Structure formats: C-alpha cells, structure tokens
Amino acid sequence: MTDRYAVIGHPISHSKSPLIHKMFAEQTGQDISYEAIEAPLHGFASKIEELIAQGYKGCNVTVPFKNHALHLARTRSIPESVAYCQAANTLSFQGDIVALDNTDGIGIFRDIEKNHGVTLTNKRILLLGAGGASQGVVFPLLDRNPASLAIANRTMAKAHSIKALVERHRGVRKSPVNALEFNDLAGKQFDILINATSVGLTDSELPLPHGIFAPGALAYDMMYGRETPFMKFAREQGAAVVADGLGMLVEQAAEAFFIWRGVRPDTAPVLAALRG
Ligand code: NDP
C-alpha cells in the first residue's frame, strides 16, 4: 500500500517539496505519495490530527508553522536538533507517537561541504539574520568547529538571544559566537557568509561593507529561485563561490526521506534536474 506524506505550510502552492520527494521515490523504488497541503493560519494542529486520522505516515512543516510543530510532540525524547532551535520541519507518525526532527541544519552543512566542497571547520563564519532559519542552522554549523561564528541582525536582541542560547547549551567559554550590528562589520573579513535574512524576497540589499569577503570566500544565500542582491554583491566583491539555497532545500528533504524510509536518496541528480 502506498504510504502518504505531505508538506504543510501557509502559503504552500510554490513548494518544490512534492517534486523533490517524487524524484526521491522514483530513484529509490519507494511506494509513497507526497502532496502540498495548506493549513489555515490558526488550524495547524487540527490539520495534523486530520492527517494522522487519515493514516498519513509523516509530513514536512514549513513557514509559518515550524515553531507550532513543537507543541505536537507525542514522544519520549525530543532530538537536540529540535530542542535547541525550538522548531521542527519533519514529523513522523507511528501509531500514537508524533516524533519531531529538524533537518534544515543538516541540509545546509551537507550542501556547503558535499555539494560546494567547502569545509566549515576552522572558518570564520558570518550568519546574516537571526530568524527561524538562522536559529535552525546555528548548532549544526557549530558542530563543524568553525574558528568563529558571528551573527549580524537588524534587530540586535534576536542575535543576542541566539548567542545566549548557544552559551546556555555550550558554556560561555566554549562558545565562538558573537552578536554584531551591521555597523560593526566594517573592516572585518569572513571566509563563509550565509544570508539567512528574507531581504532577498523583496530584492532589498543588506548594508554590507566592501572588502568583507576574505580571499576564497563562500557566499551562500538560503533563498533560491533567482540571483539575490546579496549574491550579486558577492560576485562583484570577488567571492570565490556564490551559492543559492536550492541545495539546502534538497539536502534537508533527503534527510527527511531517510528518517521516514530508512533509505538515503542520491541528491545530485535531483538537484541537477531542478536546476535544469
Ligand atoms: P524569519 O522571518 O524568521 O526571519 C527573517 C530574517 O530576515 C530576520 O533576521 C529579519 O531581521 C531579517 N530581515 C527581514 N527583512 C530585513 C531587512 N529589510 N533588512 C535586514 N534584515 C531583514 O525568516 P526565516 O528565518 O524562516 O527565513 C529566512 C530566509 O531563509 C527566507 O528567505 C527563507 O526562504 C530562507 N530559507 C531557506 C531554506 C532552504 O531550505 N533553502 C530553509 C529555511 C529558510 P529582524 O529580526 O530585524 O526582523
């Protein structure tokens, strides 16, 4: 019998996840279906209960419900990937159990290290933005032992709160995290710059100083679908590698597929097909 999965969001019609999971299923011979379902803004929990009653095996969760998903856990333990960032993007339904995972962090580090061939270890990383996406990737990035991890955000309180979260879990002395204002960036250089703000959605620019990209730097925008002003600026400033977030999307989906099916799909042909 075909096992049913879905991605739940609001809005959701733009989602590439059904296509990605269809390609994973064809590649691995798994008998699954996967659809995009829009939940009303205040109806996420009841939509999940509906899916469980209908026999779905799991779902992905996207904007704006990743934090809401946390309240649905019916399991003994919540993994660190979820507990640290207080958000989940992958739910598995097994009888009465609702297990949570967050695969965004694994998605970005696999894309950077495997697909772009750039190691995170010992690098000076700058994370731009302190919203849900930043919070989701901070701990997996730290697991790669970068030399430092600076977080710059328009609203400083949010950057400070991620710094405090890391210090709570890792200890103040072991934390390489620094919270910065955009004004503080002048004169500094980084090896890996990750744009986790949503400015690209409106084609707005971030106030980044010239010379911020160290020789050989990677500029990574979590947004995908078109070249953002951040990516354009990075090219003009001589960043060695400029990447969008499509690979992160495919890698986080592959991890969710693995959690559900126990089979790891090959992401390269899927990414190539999406780019083609
Ligand atoms: P949030 O709404 O949680 O956070 C938005 C962030 O952008 C905040 O840090 C906000 O700053 C900042 N921001 C928004 N407008 C501006 C502006 N004009 N100037 C400076 N900063 C601004 O969004 P998410 O964290 O969930 O998502 C961020 C981006 O990452 C989106 O583009 C999303 O599509 C992408 N993403 C991609 C994924 C992938 O798989 N490729 C996965 C997850 C997210 P402030 O705090 O000051 O408001």
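How many bridges join strand 4 to strand 5, and in which sense do the two run? I found that five bridges join strand 4 (residues 90-94) to strand 5 and that the two run antiparallel; helices (H or I, at least four residues) and strands (E, at least two) are DSSP runs, numbered from the N terminus. Within this pairing I looked up Ser 92, whose bridge partner in strand 5 is Ala 99.

Before going on, I note that this is a predicted model, in which local features need pLDDT of at least 70 and side-chain atom pairs count only at pLDDT 80 or more, while totals for chains, interfaces and linings use all residues. Residues are numbered from 1 along each chain as its sequence is written, and side-chain values use heavy atoms, with hydrogens and water left out.

I traced an open sheet of five strands in the order 2-1-3-4-5, with mixed pairing, where two strands pair if DSSP finds at least two bridges between them. Strand 2 (32-38) and strand 5 (97-101) stand at its edges with a single partner strand each, so one side of each is left without a neighbour in the sheet. On average, and with direction ignored, neighbouring strands of this sheet are turned by 20° against each other; axes here are lines fitted to C-alpha atoms, for helices over the stretch in contact, and angles run from 0 to 180 degrees between N-to-C directions. Helix 8 packs on the sheet and touches strand 1 (3-9), strand 2, strand 3 (58-61), strand 4 and strand 5, its direction making about 10° with that of strand 4; contact means heavy atoms within 4.5 Å.

**Entry: Arg 261**

I then followed helix 8 to Arg 261, which lies in that helix. Not counting residues up to four places away in sequence, Arg 261 touches Asp 3, Tyr 5, Gln 30, Asp 31 and Ile 32. The C-alpha atoms of Arg 261 and Asp 31 are separated by 9.9 Å, although the two residues are 230 apart along the chain. The side chains of Arg 261 and Asp 3 are joined by a polar contact of 2.8 Å, that is, a pair of N or O atoms within 3.5 Å; within protein, one must be able to donate a hydrogen and the other to accept it, and residues adjacent in sequence count only if both atoms are side-chain atoms.

I found six strands forming an open sheet in the order 8-7-6-9-10-11, with parallel pairing. Strand 8 (177-180) and strand 11 (241-243) are the edge strands, each pairing on one side only, and the twist averages 20° from one strand to the next. Strand 6 (residues 124-128) pairs with strand 9 (residues 190-195) in the parallel sense over four bridges, and Ile 125 has Ile 192 as its bridge partner in strand 9. Helix 6 (residues 156-170) lies across strand 7 (148-152) and strand 8, running at about 170° to strand 8.

**Entry: the ligand**

Which residues come nearest to the ligand? Of the 21 residues around it, I noted Ala 133, Asn 153, Arg 154, Thr 155 and Lys 158 as the nearest, a residue being near if one of its heavy atoms lies within 4 Å. Helix 5 (132-143) and helix 8 (246-261) each supply at least two residues of this shell. Taken alone the ligand exposes 930 Å², of which the protein buries 75%, by the Shrake-Rupley method with a 1.4 Å probe.

**Entry: backbone geometry**

The peptide bond from His 10 to Pro 11 is cis, with omega near 0°, and Pro 11 lies in the loop between strand 1 and helix 1 (17-28). Another cis peptide bond joins Val 63 and Pro 64, with omega about 5°.
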